[in-house]
Every structure is written in C-alpha cells, then in structure tokens.
Amino acid sequence: MAAPATILASDDGGALVLRAEGEWLVSSAAELDRRLNQMELPQGRQVTVDLSGVDRLDSTGALLLLRTEHALAERGNHVALENLRPRFAPLLDQVRSRGLAEPVPHPFPAHHTLVGFVARIGQVTLVLLSRLYDILGFTGLVTATILKLIRHPRRLRLTATLVQMELVGVNALPIVGLLSFLIGVVMAYQGADQLRRFGAEIYTVNLLGVSILRELGVLLSAIIIAGRSGSAFTAQIGTMQVNEEIDAMRTLGLDPIEVLVLPRLFGLALTLPLIVFYADFMGLLGGALMSWVVLEISPPSFLEQLRGAITEGTLWVGVVKAPFFAAIIAQIGCYEGLNVTRSAESVGKLTTQSVVESIFFVIVTDAAFSIVFSVLKV
Amino acid sequence: MSETREDCVIRVRNLVNAFGTQVIHDGVDLDVRRGEVIGIVGGSGTGKSVMLRTVVGLNRPVSGSIEVLGHDVLRMTDEERHDLETHWGVLFQDGALFSSLTVAQNIEVPLKEDLGLPERLMAEIAACKIGMVGLPGDAADKFPAQLSGGMRKRAGLARALALDPDILFLDEPTAGLDPIAAAAFDQLIKDLRQSLGLTVFLVTHDLDSLFAICDRVAVLVDKKIRVGTLEEHLQDDHPWIHSYFHGPRGRAAVAAETAARPAG
C-alpha cells in the first residue's frame, strides 16, 4: 500500500509551504476533504504548494488541489503549485480548464413550504380541469369521426372491430365469469348472515337479484375491463406512438382515430353489454349455489323467489349503462395512448393513469345514472 | 503471445459465445494493452456489443477465459467483482441514465457506494465531471428526458468517469450524433484518455472515430477477431475488411485523416 494522502503545512518565515503527499484519489477524498476544510487559511502571503510527494492523482484529487488553490488565492495569497510530476500535468490542466464549476445548489422543493403546498393544490386542480377539457375535446373529435363514417360506411374497419371484440370480449369471459361467480357467493353468504337474524333469509334472493342486476354485474365488468382492456389500449397505442407508427400513419393519409380508436370503441361498446349479461348470470349462479348450501333454498324455489323480486326492467337498468361505460373506457384508453410522448417511461405512466381515470369516470357516471333513475323512478 | 501480463488490462482467450444454436464468437483471442484505445468493429450481428457485454460480465460465455486487470471475470467472488467494478466505467448506447434522477444525482450514484463522501464534495465532484465532459453547468439539475441525445451520452460518460476508472467501455458512443457532435465526442475521448490515462474499449460503426482516436482496431469477421493497426487492416485482403476500409466511406475517412495529420 502506498502512503495515504496528506497535506502538511510548514512555515519557514517567508513563504508558507503546504506539502501534499500520498495518493490523491477519490477513495481517500472524504478524509482529505475534511482536513482541507479544517485547515486555517492565511491571508495575503506567499504560499507554495509542494506536490513532489503526490504519488497518484485522479480527477477528484486534482479537484481538491485546485479548490484549495482557489480558496487561497481568494484570500489574497500568492499561490504557486510546484514540483508536480509531469505525467499529472495534463490531468490538472484538464480539471483546471473545464472541471472547476461551482455545483449548482439543488433548488429547495417549492411544495415543501405552506404557500408552495397551497399553490400545488391549485396547480393540480388546474391540470385536472385541463385534462377533463382535453378528454371532452377528444370525445368531440371521435364523435365527428363517427359522423363522417356514417356518410362513408365502407371505411369502417370491420376486421379490426371483430378482432377487438374477440380480444376485449371473448378473451375476458373466464376472468369476468369467475369473479362475478365469487361475488355472488360472497353476497349470498353475507346477506344470509344478516337477514337470518330477522328470520328473513328468503330475502337474500331479492338482495342478490337487485344488487347484482342493477349495480354489481355492470360495475364489476366495467372495472375488470378497464383494468384489462383500457390499459391494453393505452399500452398498444402508446407503444405505437413511441415507435413513430402513429406519425407514419398520418403521413400515409390514415386517420389514427378511424384506424385505431373506432375499432376499439365499437368493439368494446358492442361486447360490454353482452359481458354484463354474462356477469349477471354468473353472479346469480354463485348466489343460487350459496343459497342452496347455506340456506337450503333449492334452485327451483330460488328461481320462484327471484321472479317475484325482479322484473325485466331490473336487468335493463344494469345493461343499459354498459355502452356508456364502454365508451368511457375505450376513449380514455385511446386518448391516453395517443398522449404518450416518445419515451418508454411515459407509456407506463399513462397506462396507470388511464386505468385510474376510466375507473373514476365509470363510477362517477354510475352515480349519475342512479340519480337519473331515481328521478325517473325506474 | 507478444504481450506480457502486466501491460495487458484485458485478456480474452478462446472465447465462445452462442445464442441457442447460433454461434457468435468461435474461439476469440483479444489483448488490450494499458493506455491504448482499441476499436471493435464488425458488421451488424457479428457480436460487437456482445463482446463488450461479455467482458464486463453482463453476458456469460459458453467457454473461454476473460481476465480484466489480472482478475478472472468468470470465476471471481462477489467482493472481487465489486472491487473490479470500481475500476471500469461503461457508457451504454443511449447513456442508460437513471430516468428518475437528475444528471448530478446520476453521477453521484457510484460515489455514494462506500466512499463516505460528504454531500457537498459529491456535488463538487459531479459538477467537475459535468464540466470535464463539456456539459453546461445548468445540466446538473436536469433530468435525462430534458437532454438531447448528445448531451445524454456526455452525461452517461460523466457517470462512467465518476470513479476515475482505469478502463472505459464505450458502446457506439457516436451513433445517432450529428457529425459535429460526433467529432467533438471523439476529441473529448482523446483528451480524457490523455489526461486520465484511460484504456478505452470502443465498440463503434463510425469510421471517422476509428481513424481519429483508435490505436488499434479489432475486426470481428467469420466469428473470429483480427487485431491490428489501421495500416495493417488497410493491407488486409479479407473481402469484408477490404470493403469496409476501402469502401467510399472508408476512403473518405482515410482522406480526412491524412489531411488532418500534418496539421494536428
């Protein structure tokens, strides 16, 4: 091992001599930095820095040397660096000419102050409002494209639409079916538990029928599809955006809305109502099974009770919401995908954002439907 | 073997690399001497980057041996490996900066590892490296996404240089840069190599870089490697090497270099 880096001061009356020795490397920089900071700097004197003892030097060592030289010169000393080994000269010159910048102080994060916090709330609110405005604008653009398509129906991409129906609809059946079935099981079990206290177990069937058909079936399907297909829309279109495929499309005279967005929108709007119907069925199946096991309500009496509890309208109240939810999921998914900038990072960010936004808007719309239905007394 | 072990910082023997049944390297030998700039060239798919990745241990070869600074890269303990990693710096194609960190924070990443440097000194070192690679000082607080391709490469270089490595691995450093930026980058490598005493392992496609900064060139052809000076390669009559160095671009680069030589 070579000698550790040190700096020694000796005062011979006339000039102050600082003797630098050892290995001036980044590995010993912490210790050197501490010593140099503790060193008392003279004022207005002749200072000689003797570098003959420096065995090794790297750019961090050079930085420390030059920083000391600079600090000495600032106090009116006459500084001379002497006896540097010739092989270190290019490095010292390089650091002197290009590497002696003051570090830019990291700005204090503005939102850590009270005013900054309030300002940030305002900023975020504005961003949210402007995004809402943009999504509305996108909806308008999509509507205008649909109207154009009505005049030229041959431009509808039928194959692409059918492919999307398979991807978002048929392929989603196992997961939607399983989850709806399980929710039916859970609802029946919990409902039976509560209603049994009043001796009203049989009304579990009513609870199941109304809640699954009106709300749970459609909401569950929409949330699963938003997570499964809305995110896929953003990721697919976003990746195309990163690869400049969307730009290529535009230069070839193809409208990305027509080619990419409408097949996804139509595909989802046509299949989601069917998925909801299927989810309703699977949910009731799970509920019926659980009622049979826990409450010993046989399937025929379950159906009998169900017939009294619901009407055809109950089913439609749920299913009618599906195309609206589909439009929300498809449009937000595609909108966020088209918003991707040319970095892989933004694909991930916007995919997350698209799922959160679609689920948010689905639930807000569902609440709005509840109000409308209660006014209409459906 | 003409080199002794001491002047050899990288020593590759009988290296075989294959992906599935496709053999990329079939018995490659390569010596890189201390302080030289060696350029690795070859057609697309001849495994230039694979070579680099194998030497730094990101890709495990089928067989062969690799020594870097006297350590056997393929049979080393984790501690030896960790120690060796402080002696090399790698610049990946697009800089490979951590996107969630600013440029200064990127450069501080290797410094934070067990050196115990105070914050202030790390910031000074980062600012020093930023200056040395020719970035403006205000680049320190920018995120990689806010930089141009050339600036990202410089920032990546600054991070690779953070610990003052002995060996610098560069993967296509001038690809995607405009000719002025590429020439400036070549000059930067030249300067840094002179002042820092670096050994540079340069994978490139850029004939101008080869002529401007390389001492020797290793050409990957027929799953083997041919190492020599540019003059030797210019004499080589292997069809690929001949068309590479004597094609229109090769001739232009030779002409530019001969024109520049008396002046520089």
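Biologist: At what angle do the axes of helix α7 (residues 204-242) and helix α10 (residues 299-309) of chain A cross?

Modeller: This is a predicted model: local features need pLDDT of at least 70, side-chain atom pairs 80 or more, while totals for chains, interfaces and linings use all residues. Residues count from 1 along each chain as written, with chains lettered from A and ligands numbered from 1 in written order. The two axes, fitted to C-alpha atoms over the stretch in contact, come within 9 Å. They cross at roughly 60 degrees.

Biologist: Which word describes how α7(A) and α10(A) lie to each other?

Modeller: Under 35 degrees is roughly parallel, over 145 roughly antiparallel, and 65 to 115 roughly perpendicular; the rest is oblique. The crossing is roughly 60 degrees. Therefore these helices are oblique.

Biologist: Is A:Glu244 buried or exposed?

Modeller: A:Glu244 sits in the loop between α7 and α8 (245-251) of chain A. Its phi is positive, about 65 degrees, although it is not a glycine. Buried means 20 or more other C-beta atoms within 10 Å, exposed 12 or fewer, and partly exposed in between. A:Glu244 has 11 such neighbours, so it counts as exposed.

Biologist: What is the phi of A:Asn83?

Modeller: A:Asn83 lies in the loop between β4 (78-82) and α3 of chain A. With 13 C-beta neighbours, it counts as partly exposed. It is not a glycine, yet its phi is positive, at about 60 degrees.

Biologist: Which exposed residues face away from the buried side of α3(A)?

Modeller: In α3 (residues 89-98), A:Leu91, A:Leu92 and A:Val95 are buried. They cover an arc of only 100 degrees around the axis, so they share one side. The face turned away carries the exposed residues A:Ala89 and A:Ser97.

Note on methods. Helices (H or I, at least four residues) and strands (E, at least two) are DSSP runs, numbered from the N terminus. The arc is that of the directions from the helix axis to the C-beta atoms. Axes are lines fitted to C-alpha atoms, for helices over the stretch in contact, and angles run from 0 to 180 degrees between N-to-C directions.
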